Amino acid sequence: MGERIDFDAVYQETAGLGGPPWEIGGPQPALAAVLDQGVKGPKVLDAGCGTGDLALALARRGYDVTAVDISPVAIEMARAKAAAEGLAVRFEVQDATRLSLPPAPFDSVFDSGLLHSLQRRGDDEADAYLALLPGLAAPGATVFVLAVSLRAGEGWGLTEEYLRSPFAAPAWVGTEVEEIGVAADWDGRDLTLSGFLLRTIRAPET
């Protein structure tokens with residue numbers, strides 16, 4: 001088994017410091033760039049939503065958003081943010097390897113750092129999550145996966161080959177992978193890690 005992180009403890013321990021490194025006060029820049037074009041709706045899933053910044057950005061644009069995270073502490077924070085803005089987002093505490101999300105499927109699916117987190121814990125967990133994605137994405141849906149690259153030098157991360165391999169034909173079409181910077185906030189310092197943004201389309205039904 002790989003490294004396991006107690007996410008509730010991380011969120012609690014960093015609450016007075018602006019949150020954990022991946023909480024940057026908004027969506028990752030590479031995902032923020034696609035929010036006004038390329039998102040299919042109305043139903044959108046944010047898998048591994050943390051405290052909800054990406055989900056809330058989508059809700060502000062009028063999408064019907066469901067967002068899940070394994071951390072009850074993060075989901076509580078996300079619900080508080082949504083309530084403060086009067087936004088209707090379905091935030092649920094769920095393990096991404098055993099998702100149960102009626103009503104699915106979704107027209108767009110966002111994964112901002114979830115896959116690399118699961119792979120860090122072990123290939124079995126990543127594989128269990130990846131096996132669920134085809135059933136969550138409607139025919140023609142767009143899936144976005146943002147991940148830290150192994151080349152970031154953190155001792156973990158994904159290769160482009162690993163990222164592409166689950167999203168092959170015939171289940172997926174038009175898969176593209178772009179090299180990007182992944183933003184992080186470490187002890188008040190803004191960092192940019194080497195990463196990838198994958199975009200793919202769930203193959204339409206024939």
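Helix H3 (residues 53–60) lies across strand E1 (43–47), strand E2 (64–69), E3 and strand E4 (106–112). H3 runs at about 175 degrees to E2. Angles run from 0 to 180 degrees between N-to-C directions, and axes are lines fitted to C-alpha atoms, for helices over the stretch in contact. Helices (H or I, at least four residues) and strands (E, at least two) are DSSP runs, numbered from the N terminus.

This is a predicted model: local features need pLDDT of at least 70, side-chain atom pairs count only at pLDDT 80 or more, and totals for chains, interfaces and linings use all residues. Residues are numbered from 1 along each chain as its sequence is written, and side-chain values use heavy atoms, without hydrogens and water.

**The sheet**

- Seven strands form an open, mixed sheet in the order E3-E2-E1-E4-E5-E7-E6. Two strands pair if DSSP finds at least two bridges between them.
- Strand E3 (90–93) and strand E6 (172–186) stand at the edges. Each has a single partner strand, so one side of each is left without a neighbour in the sheet.
- From one strand to the next, the twist averages 15 degrees.
- Strand E5 (residues 137–148) and strand E7 (residues 189–202) run antiparallel, joined by seven bridges.
- Opposite phenylalanine 144 stands arginine 199 in E7.

**Helix H6 on the sheet**

- Helix H6 (residues 123–136) packs on the sheet and touches E1, E4, E5, E6 and E7. Its direction makes about 145 degrees with that of E5.

**Helix H5**

- Six of the eight residues of helix H5 (residues 114–121) are buried (under 20% relative accessible area, with a 1.4 Å probe and protein chains only).
- The buried residues are Leu114, Leu115, His116, Ser117, Leu118 and Arg121.
- Glycine 122 follows H5, and its phi is positive, near 145 degrees.

**Where H5 meets H6**

- The axes of H5 and H6 come within 5 Å and cross at roughly 140 degrees.
- Leu114, Leu115, Leu118, Gln119 and Arg121 in H5 are in contact with Asp123, Glu125, Ala126, Tyr129 and Leu130 in H6. Contact means heavy atoms within 4.5 Å.
- This contact has six nonpolar, one polar and three charged residues. Ala, Val, Leu, Ile, Met, Phe, Trp, Tyr, Cys and Pro count as nonpolar, Asp, Glu, Lys and Arg as charged, and the others, Gly among them, as polar.

**From the record**

- An unreviewed UniProt entry lists residues 44–120 as "domain: Methyltransferase". Such annotations may be inferred rather than shown by experiment.
- Residues 44–120 are 38% helix and 27% strand, with the end C-alpha atoms 25 Å apart.

Note on methods: Buried means under 20% relative accessible area, exposed over 50%, partly exposed in between (1.4 Å probe, protein chains only).
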